[in-house]
Amino acid sequence: MVVGDPTALDALLTDVSKTYPNGETAVTGLTLGIRRGEFFSLLGPSGCGKSTTLRMLAGLERPTTGTVAIAGKDMTRVPPNQRPTNLIFQKLALFPHLTVAENIAFGPKIRRMSRAEVRTVVSDMLDLVELAGYADRKPAQLSGGQQQRVAIARALANQPTVLLLDEPLGALDLRLRVQMQRALKKIQHESGTTFVFVTHDQTEAFTISDRIALMSGGRLEQVGRPDELYNRPATEFAATFLGDTNIVRGEVSDSTLRSGGFTCRTAGPGTAMSLRPEAIAMRHQLTSPFDNHFSARVTDLTFQGASVRFHVAVVDAGPELVVQLPAKEAGGIAPGDRVEIGWQADAAVMLGSGK
Ligand code: ADP
């Protein structure tokens, strides 16, 4: 199917804020563009304003200030049923007395498609979600994952410009959830429909998304591809929410960070550095040169299968750091050992520079 101009925006929130009648402000000053045909996730801890943002795209909540446009048209005051969007929740609203095919045909029939067209849409949608043999079953005769696929097929049968998904996999067990993540990504790719997906799960967002908007406290922290967010976090919140990291705060001048009596080389200015545990090399004796090279003592280790996590204390009142090594490099290092650790200056991301 046609994906169209990838730079075109299918959804645009401009300076949107939402304060509920009880005085609770859920979203503040949010400006966000979602491109045509992308799998876009709203990610952040519970209560950060993700669902409110999604509901404003759907038209179920009206912004207190700001505007919402879908496919280039102002929709700020347009009710949900007149928007080219469909919303899927964790609790599915399948009609229990209708078959799978009838559930999928429901929207197209209301939109007065001809019988032949409805048949084609239903058959295309069943193929898309890989349920071709299940047309005549009732929802109760399907597994949780299959019911999810029917809900997605039913929503896509309405040919929305944007499909909105509010934690749709939240109720599934982990194995099914992982399966459904792959299925959803495939369905999104094959349908070419823009998906906006809400999740609080960083791994899920990384697995599934083309781009992610990370939110906290009703505000946007950062937008980018998963690898951009992980490798170039813009804020301390982004660095710590998206995986493990060591944060060392201090004063930076002349590419040197000073934190109490500890100093290390940095690649730029800032007020803190974020150093991923896997970016630190560690051995009893390091043989290759590093911009930063310290003695440390191992205080603790946790075996994690493919890798091992160590807590180390940099000798002479340096910081406590977490170091992660592949299991095959970790053998022979035990709590109490004196080790050498090292990292290149550009392996750490500097935070708080000029923001
Ligand atoms: P998320 O989806 O990230 O968990 P929500 O958008 O659901 O966050 O909620 C953001 C904030 O707005 C929370 O503090 C929540 O309690 C509040 N909130 C959500 N819905 C309502 C409502 N209908 N009335 C009042 N406050 C609400």
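Q: Which residues does Ser17 touch, not counting residues up to four places away in sequence?
A: This is a predicted model. In it, Ser17 touches Val27, Thr28, Gly29, Pro63, Thr64 and Thr65. Ser17 is found in strand S1, residues 9-19.

Q: What makes these count as contacts?
A: Contact means heavy atoms within 4.5 Å, and Ser17 meets that cut-off with residues that include Val27 and Pro63.

Q: Why is Ser17 called buried?
A: Its relative accessible area is 16%. Buried means under 20%, so Ser17 with its 16% counts as buried.

Q: How far apart are the C-alpha atoms of Ser17 and Thr53?
A: They are separated by 9.2 Å, while the two residues are 36 residues apart along the chain.

Q: Why is Asp15 called partly exposed?
A: Its relative accessible area is 47%.

Q: Where is Asp254, and what is its phi?
A: Asp254 is in the loop between strand S12 (251-253) and strand S13 (256-259). Its phi is positive, about 50°, although Asp254 is not a glycine.

Q: Why is Asp254 called exposed?
A: Asp254 has a relative accessible area of 68%. Exposed means over 50%, so the value of 68% puts Asp254 in this class.

Q: What makes helix H1 mostly covered?
A: H1 spans residues 50-58, and seven of its nine residues are buried. They are Lys50, Thr52, Thr53, Leu54, Met56, Leu57 and Ala58. Just after H1, Gly59 takes a positive phi of about 95°.

Q: Why does Thr52 count as buried?
A: Thr52 lies in helix H1. Its relative accessibility is 8%, and the limit for buried is under 20%, so Thr52 counts as buried.

Q: How do you know that the side chains of Thr52 and Tyr20 make a polar contact?
A: The contact that joins them is 2.9 Å, which is within the cut-off of 3.5 Å. Not counting residues up to four places away in sequence, Thr52 touches Lys18, Tyr20, Ala26 and Val27.

Q: Which residues surround the ligand?
A: Among them are Tyr20, Asn22, Glu24, Pro45, Gly47, Cys48, Lys50, Ser51 and Thr52. The largest share of this shell, three residues, comes from H1.

Q: How much of the ligand's accessible area does the protein cover?
A: The ligand on its own has 560 Å² of accessible area, and the protein covers 65% of it.

Q: How do you know that strand S17 pairs with strand S20?
A: Two strands pair if there are at least two bridges between them. Six bridges join S17 (292-303) to S20 (338-343), and the strands run antiparallel. One of the residues involved, Asn292, has Trp343 as its bridge partner in S20.

Q: What makes S17 and S18 a pair too?
A: Seven bridges link S17 to S18 (307-314) in the antiparallel sense, against a cut-off of at least two. Ala296 stands opposite Val314 in S18. Three residues lie between the strands of this hairpin, where Gly305 takes a positive phi near 90°.

Definitions and conventions:
Residues are numbered from 1 along each chain as its sequence is written. This is a predicted model: local features need pLDDT of at least 70, side-chain atom pairs count only at pLDDT 80 or more; totals for chains, interfaces and linings use all residues. Side-chain values use heavy atoms; hydrogens and water are left out. Buried means under 20% relative accessible area, exposed over 50%, partly exposed in between (1.4 Å probe, protein chains only). Helices (H or I, at least four residues) and strands (E, at least two) are DSSP runs, numbered from the N terminus. A residue is near a molecule or strand if one of its heavy atoms lies within 4 Å of it. Accessible areas come from the Shrake-Rupley method with a 1.4 Å probe; for residues, only the protein chains shown count as cover. A polar contact is a pair of N or O atoms within 3.5 Å; within protein, one must be able to donate a hydrogen and the other to accept it, and residues adjacent in sequence count only if both atoms are side-chain atoms.
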